[in-house]
Amino acid sequence: MPSVWTKQDSGPVTAMTAYLLKRLAIAFATLVLASMVVFAVLEIIPGDPARLMLGMNASADQVELLRNQMGLNAPLALRYLHWAGGLLSLDFGRSYTYSVPVIDLVRERVVVSLPLALIALALSTLIAIPVGLFSAGRHGRAGDTIAMGAAQLGVAVPNFWFALMLIYLFAVWLRLVPAGGFPGWGAGIWPALKALVLPAIALALPQAAILARVTRSALIEVLNEDYIRTARAKGLPYRAVLWRHALRNAMIPVLTILGLQFAFLLAGTIIIENVFYLPGLGRLVFQAITQRDLIVVESVVMLLVAAVIAVNLLVDLSYAVVDPRLRSRP
Amino acid sequence: MKLWKTILAAATLALATGASAFAARTDLVIGITLEPPHLDPTAGAAAAIDEVLYANVFEGLTRIGPNGEVLPDLAESWAISDDGKVYVFKLHTGVKFHDGTDFNADDAKFSLDRARADNSVNAQKGLFAAIDKVEVIDPATVKVTLKNPQGSFLYNMGWGDAVIVAPESADTNKEKPIGTGPFKFQSWAKGSSITLVKSDNYWGAPVALDKAEFRVVPDAAAAVPALLSGDVQAFPFFDPDSVAQVQGDPRFKVVIGATEGETILAINNKKPPFDKLQVRQAISFALDRKAIIDGASAGLGVPIGSHMSPANKDYVDLTGLYPHNVDKAKELLKEAGLENGFKATLKLPPPSYARLGGEIIASQLRDVGIDLEIIPVEWAQWLDQVFTKKDYDLTIVSHTEPNDIDIYSRKDYYFNYDNPAFDKIIAELNLTSDEAKRKTLLGEAQKILADDAVVGFLYELPKVGVWDAKLQGLWENAPIQANDLTKVKWTD
């Protein structure tokens, strides 16, 4: 295989570029495929947005009139091409029910959902890594058992129930934060953040529980490796071994789960945004599905697909950062 | 321990400041379950549109009052010709739209003509079907000529779908509604809330509130903490199942009223074996309405025997026609040649009255030998499969439009019911405006539907309102789905 040798010989940078290009091509193909599936599935489900808008007293002629106005009577293939073509030029179409561009709806909602998901992700990482380190360090002892028992509980408790408990404690009883709703970033950073605190905790805790367990088991596995014994044998303190040698090597499975969790967080926002009545992307999709505002559902789902693919790409690249050996992989 | 005390102190302080602020309040946050898709009452059937805008932002020639009565609105008075075909409306003068333009007879003509035009997508176009022409006599007088006398014309003009809009703003009302009402639209944070503020140049009696925010709280479980925390002060349409959680609390008033929602077990009258009268009657005998109301509506709701609200002045009590009687039901099935029972499907839309009621009805019908397969559907599916394509055996739904007994005479309606005698009564009713005659006709119509056991009549949907005990003036009943804030105020 001479070509492989050339690539490797030309140094890590070119290899990295080739790797990146390949990943980008795969990502694009996934997007195209996803757009076909998303469009097909949503067009198959029964329900007519025009009839939904006009209700039970409107005549069939009127429904037909509105269908024409909405452009729903064009052939399926033509509508797909129109929609997918629009996506390429970042035109997401117009909402049937709101009759405003989908991108405007998304822009209003993403400023709620994205900060929420990012805060939850940060929160879950900040909780999970120390707990994982703590547990692995005390493998099999009381501290480990208690921490992992708590994590087990965190995995088992449904997040909407946990959310309601948080609301009763912090909003109804202590009145520290609002019970739900979102004042908008225009109302100031602090009121907006206050509205996101409980939802972020409700989202983060189950994720943190999973992540803590993964961190712990990855660490325990690494701690059994020979080089850890060597590091200890040469007189390095336990803490330094744990942080400098073990954690870094345990990062790959942790990063993988973190990437997967981002997708779960986006899905979890649908439930959490309903409980806290936050005007986020999850609520938008939920409402759009019940109103058969298909173009909104299709476009937002595609955006979410793109976001998940992008995060996975980032995770793949981060492997290379954590593990130098992967940088030169063809 | 010290932290604990601090938290408690902070909480008490928050409670105290919250309480003292109530005294001179002029703002109100109202919880609504569904967000309106847009803000134009003349272009959509969603009840949520009227819940925010009716009587608050938009006004019609007439309006519907808290108990379903027709009241003057933008028309201060009217005269009806002897043949019942010509209505001359005298309009209020000095009325301005929120954008500062004047309201006059031209706007009234524009609104009515727009709603009944060929390309109109008004969801209740039928309300305007009798209109032949609309003429402007002078800026304060508009004359409406009907093709035939119509008993319900003044009521029809009071619907949210018949409100008066201005030509300059009609096309943008979906996003920025401009009306003549006591409140004007301020902002809409999509997915979150809609805010109205007092209009300074309102023509009528001034309102007490300066600001009203309609906040979307979609989840019934979230509605209770929203009330308890004080974030939301009123839920005019509250989930009956959650009432127990706030009932004993002196901070809140729980108000049970009537709606125009006839909750029925709809039957596909053309589909065998439901085309047989005995089968439909057997179903009516098999239903135990009390058990259904207890299980599906927390015991709230009044049983009905035909398609009319017990709160309506023309109501006839026919609930005694088919008392719960399993033996009688079995006997009727035997007469129909179905002594071994049969299988059928029951399609259930999302509301809890349907989902919970469906389980109970399925078990009640099983007792007489009818084996139901329950199929849960979404609203969109329900409208598509049941309502439009009539692909169903049985379904449960609440018909919330007021005075809608005429739906049983509609051709091609999803009940698949066809009775010329009934159609004749409805046709006559449409031409009658004499109150006494209307009452007789409506009584006959109710009787026919009950005799034919067209559907299983269950109960009138209750309106469960929960709001702050210091709040006054919200509607107790829901003759139409609206949250009229014109008389709402805070007391000490």
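Me: What should I know about the model and the numbering?

Reply: This is a predicted model, in which local features need pLDDT of at least 70 and side-chain atom pairs count only at pLDDT 80 or more, while totals for chains, interfaces and linings use all residues. Residues are numbered from 1 along each chain as its sequence is written, and chains are lettered from A and ligands numbered from 1 in the order in which they are written.

Me: OK, how is chain B divided into domains?

Reply: The assignment gives domain 1 as 24-236 + 474-491 and domain 2 as 261-462; such bounds come from an automatic or database domain assignment. The C-alpha centres of domain 1 and domain 2 of chain B are 32 Å apart.

Me: And how many residues are in contact between them?

Reply: In chain B, 13 residues of domain 1 are in contact with ten residues of domain 2, where contact requires that the C-beta atoms, placed from the backbone, lie within 7 Å. The side of domain 1 that touches domain 2 has five nonpolar, eight polar and no charged residues. In that scheme Ala, Val, Leu, Ile, Met, Phe, Trp, Tyr, Cys and Pro count as nonpolar, Asp, Glu, Lys and Arg as charged, and the others, Gly among them, as polar.

Me: Switching to strands, which ones pair with β17(B)?

Reply: Among them is β12(B), which runs antiparallel to β17(B) and is joined to it by eleven bridges, with Ile264(B) opposite Phe457(B). Strand β11 of chain B (residues 234-235) also pairs with β17(B) in the antiparallel sense, over two bridges, and Phe235(B) stands opposite Val466(B). Strand β13 of chain B (residues 302-303) likewise makes two antiparallel bridges with β17(B), with Pro303(B) opposite Tyr459(B). Pairing here requires that DSSP finds at least two bridges between two strands, and the elements are DSSP runs numbered from the N terminus, helices being H or I of at least four residues and strands E of at least two.

Me: Is β17(B) buried or exposed?

Reply: β17(B) is mostly covered, since 13 of its 13 residues are buried. A residue is buried if 20 or more other C-beta atoms lie within 10 Å of its own, exposed if 12 or fewer, and partly exposed in between, with C-beta atoms placed from the backbone.

Me: Why is α6(B) said to be largely enclosed, and what covers it?

Reply: Eight of the ten residues of α6(B) are buried, so the helix is largely enclosed by the rest of the structure. The buried residues include Arg280(B) and Phe285(B), and their cover includes β12, α8 (326-335), α9 (352-366) and β17 (456-468) of chain B.

Me: Where is the cis peptide bond?

Reply: The cis bond joins Pro272(B) and Pro273(B), with omega about 0 degrees, and Pro273(B) is in the loop between β12 (252-267) and α6 (277-286) of chain B. Most residues other than glycine have a negative phi, and most peptide bonds are trans.

Me: Then which residues have a positive phi without being glycine?

Reply: Among them, Arg292(A) has phi near 55 degrees and Ala55(B) has phi of about 70 degrees. Arg292(A) lies in the loop between α12 (281-290) and α13 (294-322) of chain A and is buried, with 27 other C-beta atoms within 10 Å. Ala55(B) lies in the loop between α2 (47-53) and β2 (62-64) of chain B, and counts as buried with 28 C-beta neighbours inside 10 Å.

Methods. Two residues are in contact if their C-beta atoms, placed from the backbone, lie within 7 Å.
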